[in-house]
Amino acid sequence: MYWFARLAREIEERLVILFRQSKVIGGLYRSLGQEGESVGTAYALEKSDAVLPLIRNMGALMTMGVRPREIFLQYMAKGESNSRGRDLNIHIVHMPAWTRDLSSPAGRDTDAPASRPALQVGRDTDAKEPVVVGPISMLGDSIPVAAGIAMGARMRGRTLVSMAWIGDGATSTGAFHEGLNFAAVQKAPLVVIAEDNKFAYSTPIARQMAITRIDERAAAYGIPHEMVDGNDMLAVYDVARRMVDRARAGEGASLIGVDTMRMEGHAQHDDARYVPKELVEQWEKKDPIARFTKVLVDRGAANVEQIAEIDRMARSYAAEEADAAERSPMPDPATITRGVYAGDDYARPTLEFVRSPFADAD
Amino acid sequence: MAVVTYIEAIRQALFEEMARDERVFLMGEDIGAYGGAFKVTEGLSEKFGEKRVIDSPISEQAIVGAAIGASYMGMRPVCEIQFIDFIACCFDMLTNFAATSRYRNGAGVPIVVRGPCGGGVGGGPFHSLNPEAFFLNTPGLKMVEPSTAYDAKGLLKAAIRDDDPVLYFEHKFLYRRIKDEVPDEDYIVPLGKAAVRREGTDLSIITFGAMVYTALDAAKALEEQGVQAEVIDLRSLAPLDKEAVLESVAKTNRALLLHEATLTGGIGGELAAIISEHAFEYLDAPVMRVASADAPVPYAPPLESAFLPSVSKVVAASKRLVEY
């Protein structure tokens, strides 16, 4: 978990450098201070589950094994990026081969209990690949889609849990409420992570909702909901694990409210002068990576030197991956109308995944 | 061959596609035991069960959003929008999410979103819409609107088997008024192909949906006055069958574009541009349009009939064209 959180932070540090060099196209949205909750929640999933992250869930993507180079290619709008330069930042998609294997039948029993092995559809080799569906800029839209992924996979006899992240601002959209309600009614295996990071762009949460606990958004839909300290990675993991397990067991949707803080502006152009200084200072003391480091050291799981070595590894890995991406060519303008319709597919819903160097220690 | 109504043809297409492919399932409001507001899905829940005929909350965004997600998992969802006017509620999901998905990341969205469109039934402003122009400017979507029972079945089967998101507009005025022969064996009507409903030499009336019958009635009246109108039924609105349109105009040298949606910004404008770009030298008269008045759809029968295109309006415009 530490590796994934640190890697997410180092990737974003590298992106800041590339942004200042004008190599990142458009905006850069950081998750500084939120790496812990992204990792802690995704860590509760199987590698074959579905994730629908938002722009500040770099940690979730790293936890699912997305190769860092994919992120750099995307942010630099390269021709070899997942979207072939058509879409930005983490708007990336991966569909395991089984989803497109049209020769296999749908599962007949749509009530597959957790104990029942998943119907074997598609290649075994992709059994450990996750479904990844990046956000679109109309935040909130991910929630109905996440519900549909959960329902659709269930219809195909897959025991897949769908996890979607959403910010406090996007919980005000109609799509969020429609999607959560539909998932609740359908008992879809969906876990929604609602992040209270205190500001939606410049709007404080008090102007976003009249409730003080974001998880109460779920109260109207009759599903379990809990609030957790988002900067305590182990606490996040614990509640996520419980919600994921119940979803996998066929007990339906749930929502986890995450108390955290966006430590920088909405994007790099935003100096966030609307954020009270005291609030930032207060949350600086609660940095999730620093807190987790202390836990690891206090419990004797790692010493300070080992942690420093992991940090160095993450930094140089991020740099290598960024350099490789930088050398990649920009897309060819002749391709602009390709792939609008089927039959002329150009972008492929395929990401490269890597194994954590600490996978065996997990 | 059996003679069936337009609505029965739609039901048959759903039934046969669900029987053919386990991945096809339905979502919509009141479509289960109740069988839908117009009874299009009557009997399907009994046959295929409530897991494949899903009664949804009144949540068009959730219906289409969940369909997108399920289609990513390899399913083939068919969504019913109870009245097509409500498609505005899921406009974002269709235009921003579904239409761009393949282009952005190569993840196709094989969904069908179908529902009753059109006026002439006293439905008022919110139960009478013809929404094709809203979506015509959105690359990535396909759109069809059948005028016959044969096409209703064949186009729906083609839409379900298609790998792109297809909007399927069924004209509610035709549901039980139109009957024709439908083959017993499996067939499709390919997307993107128009049909010539009546051959003629003096002008081309290019139309679709319920307006095909208005055009055919006008052509009959024109024939009595010695004018031979050709009637082209577009069937698919995206992609448009440009070849069929241009071929007809090259033959008749006059084009009348007829649609039930309102005039300004309608599909007629796009067709006029295609004709003037590609068949300008064939034209003996300006391209003309007959469409609904630029107003919301009014409720009272005298208002609605004045609002909608009529046989007499089409005859008058045709005569202006041939006399030009």
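Analyst: Axes here are lines fitted to C-alpha atoms, for helices over the stretch in contact, and angles run from 0 to 180 degrees between N-to-C directions. The model is predicted. In chain B, the axes of helix 3 (residues 60-72) and helix 4 (residues 91-105) come within 10 Å and cross at roughly 15°. Angles under 35 degrees count as roughly parallel, and helix 3 of chain B and helix 4 of chain B are therefore roughly parallel to each other. The crossing of helix 3 of chain B with helix 4 of chain B is right-handed. Helix 3 of chain B brings B:Q61, B:V64, B:G65 and B:I68 to the contact, and helix 4 of chain B brings B:M93, B:L94, B:F97 and B:A98. Sorted by class, this contact of helix 3 of chain B with helix 4 of chain B has 6 nonpolar and 2 polar residues, with no charged residues.

The axes of helix 4 (residues 68-75) of chain A and helix 11 (residues 304-326) of chain A come within 8 Å, crossing at roughly 45°. These two helices of chain A, helix 4 and helix 11, are therefore oblique to each other. Helix 4 of chain A also passes helix 11 of chain A in a right-handed crossing. From helix 4 of chain A, A:P68, A:R69, A:F72 and A:L73 meet A:Y317, A:A318, A:E321, A:A322, A:A324 and A:A325 of helix 11 of chain A. The contact of helix 4 of chain A with helix 11 of chain A has 8 nonpolar and 2 charged residues, and no polar ones.

Chain A also has an open sheet of 7 strands with mixed pairing, in the order 2-3-1-4-5-9-8. Its edge strands are strand 2 (93-94) and strand 8 (225-229) of chain A, each pairing on one side only. Within chain A, strand 1 (residues 50-52) and strand 3 (residues 131-133) pair in the parallel sense over 2 bridges, and A:V51 stands opposite A:V132 in strand 3 of chain A. Helix 8 (residues 233-248) of chain A lies across strand 5 (190-196), strand 8 and strand 9 (254-259) of chain A, and runs at about 170° to strand 9 of chain A.

Between the chains, 46 residues of chain A are in contact with 34 residues of chain B. On the chain A side, helix 5 (97-100), helix 6 (142-155) and helix 7 (174-185) of chain A are the elements that give two or more residues. Helix 6 of chain A supplies the largest share, 10 residues. By class, the side of chain A that touches chain B has 26 nonpolar, 11 polar and 9 charged residues.

Notes
Residues numbered from 1 in each chain as written. Chains lettered and ligands numbered in written order. Predicted model: local features only at pLDDT ≥ 70, side-chain atom pairs only at ≥ 80, totals over all residues. Helix = DSSP H or I, 4+ residues; strand = E, 2+ residues; numbered from the N terminus. Parallel < 35°, antiparallel > 145°, perpendicular 65-115°, else oblique. Left-handed = near helix turned anticlockwise from the far one by under 90°. Contact = placed C-beta atoms within 7 Å. Nonpolar A, V, L, I, M, F, W, Y, C, P; charged D, E, K, R; others polar. Pairing = 2+ DSSP bridges.
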